[in-house]
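This report describes some features of one protein model. Look at the sequence and the structure before reading on.

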Amino acid sequence: MDFITATTSSWFLIGPISVVLGWVMNGIYEVLDLIGIPNIGLSIILFTFIIKALMLPLSIKQQKFSKLNAVMSPELQAIQKKYKDKKDNESVMKQQQEMKEVYEKYGTSMTGGCLQLIIQMPILFALYQVIYHIPGHIAKVKEFYVPIQKALMGIQDYAANQDFISLAQSNAIAAADLGNSDRIIDLFYNFDPDEWSQFLNIFNNPALTSAYQSVQEQINNINLFLTLDLSKSPIQQLWPGVLIPILAGLTQWISTKIGQSSQAAKQTNNSDAPGAGMMKSMTTIMPIMSMIFCFTFASGIGVYWIASAVVQIIIQLFVNRYMEKVDINHMVQKNIDKINKKRIKKGLPPKKLSNKPVISVKNLEEEEKIEKEETKKKAEMAKKASEYYDKTATKKKGSLAAKAAMVQQYEEKVKNEKRKNTEKK
């Protein structure tokens, strides 16, 4: 797979989106160049911040669905438990219908949370393509390599040189692509200092050497970011390259944890919820996988992952605070209003908001605490009643009469204590 190319992506849908995002990346680099700090690493960080900010509305919509899902979750789980052992077609159809009715009550659908993810996925893939294809999207970066590319292609039978073919293949460039000027630039962009020396020695051509020396300083500096060469993998520059994968995994883990810290996420990811165990495992597995991949990818990808996670942490903190102020009933009413506008256009009667009250996400944990306290009080009362019964019971222990007497005696005792307290006041 070619990770870094001067040609832009030709993938379906991803290609056009990457071209648009490439314009943004190129614009950022041009501005940095104007103020005298042309740097790919800084461009990637600013690029990530801008794109994540533009995707903020999608993040908020996703969180709104999570908040709704937190409220719907108990009802959906109850339906799933109801039909847990019923696998016949009729039961499956009834389960789907009842779950559909729950979603409709809250003005959403089973695919409501998927839409934002579907929209974001092509954008995220296109982001990677822009990072992978730096020379194809930043014109001034490509220009550094053009004089060398022209000097090389001016050498007769350069593409038939076996040493050059081997060098190209070691950088994932096929021999058949060596006649393509953009693929030649791909190769140059991927060269480290040792490979440049090897390349120049293969041809030992004065014009080629002169072309390289004229842009050598720019080429050496273009990918440097905090002493790291962003075109090389961390494993090729162990220190401080090893910090890239470590920071990538750490920041992604923090980002995931903060995303799960919202009240909606806590309720949705409770231990009874379907897939909760898998979600917890992914919280640990994904950052570890990021670290492993980051060791072999170009360091520029690692910088993007770190920047992306840091920006996501900032956005998630903002979104969590914003979502705490969102009223669930108002959200449901807005969803119903949107559905009704579509129904009216189709000539259908409008839906009405369900008379059943919608539980506030903020109160879910409080209600759970109250329920636990009531259970605890009942257990304490039963214990005291049992102790009182052991002291006063005259009937045979264990009999129905004895148990009935126990309850009656204890209730009379509690009533008498309340009456005495009232009289004292």
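The sections below cover a helix pair, a surface patch and a salt bridge.

## Basis

The model is predicted: local features need pLDDT of at least 70, side-chain atom pairs count only at pLDDT 80 or more, and totals for chains, interfaces and linings use all residues. Residues are numbered from 1 along each chain as its sequence is written, and side-chain values use heavy atoms, without hydrogens and water.

## Two packed helices

Helix α3 (residues 56-82) packs against helix α17 (residues 328-345) at an angle of about 105 degrees, and their axes are 11 Å apart. Helices here are DSSP runs of H or I with at least four residues, numbered from the N terminus. Axes are lines fitted to C-alpha atoms over the stretch in contact, and angles run from 0 to 180 degrees between N-to-C directions. The angle makes α3 roughly perpendicular to α17, a term used for 65 to 115 degrees.

In this contact (heavy atoms within 4.5 Å), Lys64, Lys67, Leu68 and Val71 of α3 meet Ile328, Met331, Val332 and Asn335 of α17.

## A nonpolar surface patch

Helix α13 (243-260) and helix α12 (238-241) each supply at least two residues of a nonpolar patch. The largest share, five residues, comes from α13.

## A salt bridge

Glu30 forms a salt bridge with Lys140, with the closest N and O atoms 3.5 Å apart. Glu30 lies in helix α1 (residues 14-34) and Lys140 in helix α7 (residues 139-153), so the pair ties together parts 110 residues apart in sequence. A salt bridge is a side-chain nitrogen of Lys or Arg within 4 Å of a carboxyl oxygen of Asp or Glu.

Key:
Parallel < 35°, antiparallel > 145°, perpendicular 65-115°, else oblique.
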